[in-house]
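Take a look at the chains below.

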Amino acid sequence: MIYIGADCMDKKEIILEVKDLKVEYGKGKKRFTAVDGVSFSVYKGETFGLAGESGSGKTTIGRAILRIVETKGGAIVFNGIKISGKIDRKLDRELKRSIQMVFQDPMASLNERAKVDYIVSEGLYNTKKYIDEFHRRKKVEKALLDVGLLPQHADCFPHEFSGGQRQRIGIARAIIMEPELLILDEPTSALDISTRYQIISLFKALKEKLNLTYIFITHDLSLLRSIADRIAVIYRGKIVELADTERLFKNPIHPYTRALLSAIPVPDPVVEKNKVLYIYNPLLYNNPPRLVEVEEGHFVLRD
Amino acid sequence: MMNSGYSYWNSTIRAFMKNKVSLFFMALMAVFIVFIIIQPYLPNQKSPNVIYVDDTTGLQLINMPPGREFWFGTNSIGQDMWARIWSGTRTSLFIGIIVALWENAIGLIIGVIWGYVRRLENIITSIYNVINNLPRVIILILLAYTMKPGVLTMIFTMCITGWLDTARIVRNIVVIIRDREYNIASRILGTPAYRIIYRNILPYLVSVLVLKATLSIPAAIGYEVFLTYIGLGLPLSIPSLGNLINEGRGYITVPSLRYQLMIPAMVLSIITVSFYAIGNAFADASDPRNHF
Amino acid sequence: MSRSEPLLCIEDLVIKFKVRGQTIEVIRGLSLKLYRGESLAIVGESGAGKSVLAKALIGALDKNGWIDSGRIIYEGMDIAKFQAEDDWLKIRGREIAMVFQEPMTALNPLKTIGNQVEEAIVLHEGYRGRDARERAIKVLENAGIEDARKLYKKYPHELSGGMRQRVVIAAALACRPKILICDEPTTALDVTIQAQILKLLNRLQEEYKLTILFISHDLGVVAKVADRVAVMYCGKIVEAGSVKEIFYNPRDPYTISLLSKLPYI
């Protein structure tokens, strides 16, 4: 397995910075802090993994970056420009091109009543980034080919496709905008093993071909091992550990990370049956906890 | 994969055509409506309001059973039942269709805004709750009482509150759909709200709306009958199914005169059953799971 | 694990469905043996027919499906031939119990969880009143629910996914069935919760001397739970063997391709 670490790249250009992000849901007594002071940077060209279980806040972070969810505090900076909070219309429109998202459920992320042609070109219609009808259609066909579908699929409806193919349509819809940053929100969780493998291969190929940067949100750490350069582990709205992929797996420090890793079932009977499960008891921090750099590039949440 | 031949409406129509029962009712209603429109222009039709008098005795031809001269007989003051029935059906159906169209158009617009625009959600919910808590019947009675009896009054009173139901149904569906992933995807792609509503949400509302609309028609006629029953309906000079049923109500105990109740009641039943059948069949046909 | 007579024996099972006017074969001549006391995992991707098989074993096939041919032998009876609900009621719950993927489909949202476990006990074991209640609490505690008395009065939606699944398992085991069928019981749960539930199942299997039929698409989970594995593809079993044989020495090309697609830790 080829290991591409962030420290292999000399020029670490930061494409996205999340600074002390806070997101709250609900009002009054029912107020719930989904994201509680999360900070990290994403380098151009890397695949940044955001790992956590349900309720960790990982999806919320993705949505906050895309401005679907309001932020309560902190800032998100993209290519040096602040994109959280109130921004002007021009920037808003520009962001629709630069940052896009691929969703989890291929059955729910496409409009059943629209043709694939419309679905894939929806963003183009909004930003009018095409010269004429012919040009637009050509763009659609290219996007479909890029994701492994055929041009004539543009005239079909979503229900005529399998889950994996529908997910490809969702990817085509995102890449046709020529984004710089793609947020992938559990893009393979609803797929079969073989399909998952194909889609992950597709993501890897597209990243090379189209110069993309990925933020890969998932609960499946083993998946991240095969695609992510760096991983941030999130628990209850806070990053508990952040490190290069291999370092995280070889030397997990935070107890939650260790519990998570030990809980992942390994497809190896002898290993699995003899494994000791590491249980995480939520830590009580005495002082406000901070991310401490324990070794180069490896951060752990501590008092 | 070849070019998709799938079209939602084609499949819906095809599925609808498979249901022989509803096709029958649809054909029945079509014939029915055509008939009642052209009926006054057919030869030998009598006027609904003229009181017929026996040539020889000079007495009014009251309460005559259905016969050769008067196909549906005459009522208690000598008017031709045949003409009255069809005139009444025309009036009632007219009211019913106008009210149904209005209810559903307004209900749709308000329901969509209510469900989609989060900022207005609370306000509209409060308005809805206030109006909904007032019994519709009381509002109908009050309005009908204060305004001059007539077709427009009828239509007005029913339209004031009729949109509530549709709005609520539409709003519930919109609320469920608006947070589905494909709608969030549209927002991220920068699609403006009106286009999201038009392309992503409206198609899912169509079948519900058509069902509601087809059922609104008999419901509106039913309200009209009810108001007439309590004396707040149309004046007697404008025959309607409500009037006719009300008139005939008194004769239920007299076997020979029962026709004055049975005939309008049967017409009302046929209309109601037909629209229910058509509406339900359409709702089933428009469900994509029933396609192919 | 004694290799004696199988507890459940499926022979050449064929199950067909009528979908939109067409008849399709979902299970195409499936044969499988389940031995007493073992944990047999059925692995396959979606569409292979795993859930259909599971439902057939407890007589819960959808209305448009039927067993076309083949036998399912349990304790000398061919339960594939069962038509009447009454026959199934004797087997379901008491002999063969099932845990589904989505606990909310197994639990009644309108009844408290205590009520539901009690119901199973009253129905199958004949306890009444306070005896049934005490037994229900014991069963819940045994499934790892510590505050069973407190949670007794709670409704399903008030519990987390992991807790709900424990309740479902508790209810299923309340009647001491011989066979427990688990259809993707942890797929909808978080990884850490999944690990706990799998550990629970392991423990309960020993305690109750259960035979488990475990259905999953997750090979890691299978490696953890199974003694034997049957690989399912397109309505048939393409390979079956001990868990070590399947993982370390697969022979069928489909099995091999499945194993090759995994990201290993």
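Predicted model: local features only at pLDDT ≥ 70, side-chain atom pairs only at ≥ 80, totals over all residues.

Residues are numbered from 1 along each chain as its sequence is written, while chains are lettered from A and ligands numbered from 1 in the order in which they are written.

**Chain B against chain A**
- Chain B brings 20 residues to this contact, and chain A brings 25 residues. Two residues are in contact if their C-beta atoms, placed from the backbone, lie within 7 Å.
- On the side of chain B that touches chain A, helix H7 (181-188) and helix H8 (193-229) each supply at least two residues. Helices (H or I, at least four residues) and strands (E, at least two) are DSSP runs, numbered from the N terminus.
- H7(B) gives the most to this side, with seven residues.

**Chain C against chain A**
- Here 23 residues of chain C meet 25 residues of chain A.
- Helix H8 (191-208), helix H9 (219-225) and helix H10 (243-248) of chain C give two or more residues each to the side that touches chain A.

**A hairpin in chain C**
- Strand E9 (residues 228-233) and strand E10 (residues 236-242) of chain C run antiparallel, joined by six bridges. Two strands pair if DSSP finds at least two bridges between them.
- C:Val229 stands opposite C:Gly241 in E10(C).
- The hairpin has two residues between its strands, and C:Cys234 takes a positive phi near 50°.
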